Amino acid sequence: MSNILEIRDLQVRYGGIEAVKGISFDVPEGEIVTLIGANGAGKSSTLRAISGLVKPASGSISFKGEDITGKDANEIVSRGVILVPEGRRIFPDLTVLENLKIGAYLRKDDITEDLNWVYDLFPRLKERSWQAGGTLSGGEQQMLAVGRALMSRPKVIMMDEPSLGLAPIIVKGIFDIIKEINKQGVTVLLIEQNANMALKTAHHGYVLETGRVTLTGTGEELLSNEAVKAAYLGT
Amino acid sequence: MIQKQKNIKGTVGAMIGILFVFAIVVFLENLSAMFTNVPAILQPTSQLFTVLKKGAVYSLVAVSMNLLNGFTGLFSLGQAGFMLLGAYTYAIFTVPMAAKDQVYYLYGGSAVKFSLVDLFQSFMGTGAASLICAVLAGLILAGIVAALFAALIGLPVLRLKSDYLAIATLGFAEILRAIFQWQTLGPVTNGANMIKSFPTFSDFNIKNADGVVTLRLSTLVPFVVVAICITLIVLLINSSYGRAFKAIRDDEIAAEAMGVSLFKHKMMSFITSSFFAGVGGALFAMYVSNAQAKVFTSAMTYEILLIVVIGGIGSISGSVIGTFLYVACSEWWLRFLDAETYIGAFKVPLLRSGFRMVVFSVVIMIIVLFFSRGIMGDKELSFKGIGGLLSKCKKKKTTEGEEGTA
């Protein structure tokens, strides 16, 4: 299987602070890959650099063999890499439908099919399509954030802490959806604090510590790894 | 499908509403010609028509500011500067050649050896058509010049956030005001003196051969121009670009993550807003019959900002309603407070010159305290909305009545 994303020696700096200190990892096409690690390990910064929201200080990011390092966010989105930002960040004053349409903003073709696809995945959104985004519950907002990203018809969807602040039952629902999206051919790059859930879902996992990759393996391998258990799973 | 039908219904409704307003304006202004004993309020010199004209002009500027502040979330205070650019552009290019020497007598004539009025008269004759074309071309040119300047200063300024953007645009407007009064530019801007003698609203009144006005259209003209401009702004806001503006307002980072180019869209909103502020400035010059840099102060921008806040940030109809209320209060309804009044031999206390502004400030404070989101919030005026409000009032009355009987 080929790698859809290849990250080499990626460094991200905010002013003088080095958030990501040269990490390398691969995302194979059609898989779910997760980055786990404590707060401040550099997970979010990595995703922000891939999506073009921050410019990396050095290193390279390639998508399907093409270099996309330092490209603008709209260019990267139009190629098919999209970020579901941390904390959902839906547009509170726009309706659910308008939120979804913004997701398809760069597309010029017909979006009806994708709208139906998202509504099939999240029937709740269809019921509330005329409601303002800000009036949805936390779980519904997370569905909207995922649905909005799917409207761009991505090859890779990157999710930053989709379980943040949600009840366990809803978290389970979100992870079911992640698996479902993956089954339909979308590669998923997932960041999670909820390491247990993330490693159970993912094919591959990377452990980040203070800006470096310290461990790598399949989901099951990491789940049974003693160091991971002690640090992230609390067992 | 259903939504589309609703939209068509709404559009038709809005168009009928606008035409109705046009008809009323023409009717009111010509009442004094049709009947002999009309009350003073309907005389052509009445405050009513001042308020209507100024209200129309200001509502365009308020809506253009709302596009930027309310729909794109960019807090800019440069509106008076762009109005100044529009007013001067219009004035400089539409003063007829014959009047130039007299207007620019201090500088021995104008450096601009060209006038849109003469240009159109040279191949269209001196009729109404050439006047309309010259004024239209002047207004569009005014907008384009304002938009060009917006594009220039937008490059560095739009990278700034919130307060810093406000300070930078405010500074830009103040600098412009100083430059336009600079003596060295006199042959173009007439220095600190006003430019006048260009076509104004009253030139559109239709006169017969003896020079007697037969049909007054001076109030209709600003209404028509402003209605067209506001319609264009509404179309922009309802397009997918407008949706991107609102997304940027709601959450910049999320909008960028969805592939909305922040700079491109901010620039588009800034340039569009400035274009219409420029047209508004040109209309303002037509309204006061002169162009003078010293009136386009930051106080004017605050006035418009106040209107936007009172009307409701993010509501076009709110801005329009807010404008007419504000202009009517400041120009007309509260005027009596400035006059010393006697009831019999009793002198009413407090009423003296300047007291109007005190009361006005209190009214504004009350509005800000009790309508913290403005008159309209971010909703728009619609027939459905009015109907809903009426039926609510009715219901309230009936329930109150029932309580009374029980």
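In which hand does α2(B) pass α14(B)? The crossing of α2(B) with α14(B) is right-handed, a crossing being right-handed if the near helix is turned clockwise from the far one by less than a right angle, and left-handed if anticlockwise. The structure is a predicted model, in which local features need pLDDT of at least 70, side-chain atom pairs count only at pLDDT 80 or more, and totals for chains, interfaces and linings use all residues. Residues are numbered from 1 along each chain as its sequence is written, while chains are lettered from A and ligands numbered from 1 in the order in which they are written.

**The two chains**

- Chain A contains ten helices and ten strands; helices (H or I, at least four residues) and strands (E, at least two) are DSSP runs, numbered from the N terminus.
- The radius of gyration of chain A is 17 Å, close to the 18 Å that the globule rule gives for 235 residues, so chain A is as compact as a globular protein of that length. This radius is taken over C-alpha atoms, and the globule rule is 2.2 Å times the number of residues to the power 0.38.
- The C-alpha trace of chain A spans about 45 × 40 × 35 Å along its principal axes.
- Chain B has 16 helices and four strands, and its C-alpha trace spans about 85 × 70 × 50 Å along its principal axes.
- For the 406 residues of chain B, a compact globule would have a radius of gyration near 22 Å, and the 23 Å of chain B agrees with this.

**The four-stranded sheet of chain A**

- Four strands of chain A form an open sheet in the order β2-β1-β4-β5, with antiparallel pairing; two strands pair if DSSP finds at least two bridges between them.
- The edges are held by β2 (17-28) and β5 (66-67) of chain A, each with a single partner strand, so one side of each has no neighbour in the sheet.
- Strand β1 (residues 3-14) of chain A runs antiparallel to β2(A), joined by nine bridges, and L5(A) has V27(A) in β2(A) as its bridge partner.
- A hairpin is formed by β1(A) and β2(A), with two residues between them, and G15(A) in the turn has a positive phi of about 60 degrees.
- Five bridges link β1(A) to β4(A) in the antiparallel sense, with E6(A) opposite S62(A) in β4(A).
- Strand β4 (residues 58-63) of chain A pairs with β5(A) over two bridges, again antiparallel; here S62(A) stands opposite D67(A) in β5(A).

**The six-stranded sheet of chain A**

- A second open sheet of chain A has six strands in the order β6-β7-β8-β3-β9-β10, with mixed pairing.
- At its edges stand β6 (81-84) and β10 (212-218) of chain A, each with a single partner strand, so one side of each is left without a neighbour in the sheet.
- The twist from one strand to the next averages 20 degrees; axes are lines fitted to C-alpha atoms, for helices over the stretch in contact, and angles run from 0 to 180 degrees between N-to-C directions.
- Strand β7 (residues 156-160) and strand β8 (residues 187-192) of chain A run parallel, joined by five bridges, and D160(A) has I191(A) in β8(A) as its bridge partner.
- Helix α7 (residues 168-183) of chain A packs on this sheet, touching β3 (32-36), β7 and β8 of chain A, and its direction makes about 155 degrees with that of β8(A). Two residues are in contact if their C-beta atoms, placed from the backbone, lie within 7 Å.

**Helix packing in chain B**

- The axes of helix α2 (residues 47-71) and helix α14 (residues 316-333) of chain B come within 8 Å and cross at roughly 140 degrees.
- The helices α2(B) and α14(B) are therefore oblique to each other; angles under 35 degrees count as roughly parallel, over 145 as roughly antiparallel, 65 to 115 as roughly perpendicular and the rest as oblique.
- Residues in this contact include Y58(B) of α2(B) and F324(B) of α14(B).
- The residues of the contact of α2(B) with α14(B) comprise ten nonpolar, eight polar and two charged. Ala, Val, Leu, Ile, Met, Phe, Trp, Tyr, Cys and Pro count as nonpolar, Asp, Glu, Lys and Arg as charged, and the others, Gly among them, as polar.
- Helix α3 (residues 79-94) and helix α12 (residues 262-288) of chain B pack at an angle of about 55 degrees, with their axes 6 Å apart, which makes α3(B) oblique to α12(B).
- The crossing of α3(B) with α12(B) is right-handed.

**Contact between the chains**

- Chain A contributes 22 residues to the contact and chain B contributes 16 residues.
- On the side of chain A that touches chain B, α2 (73-79) and α3 (96-103) of chain A each supply at least two residues.
- That side of chain A has eleven nonpolar, five polar and six charged residues.
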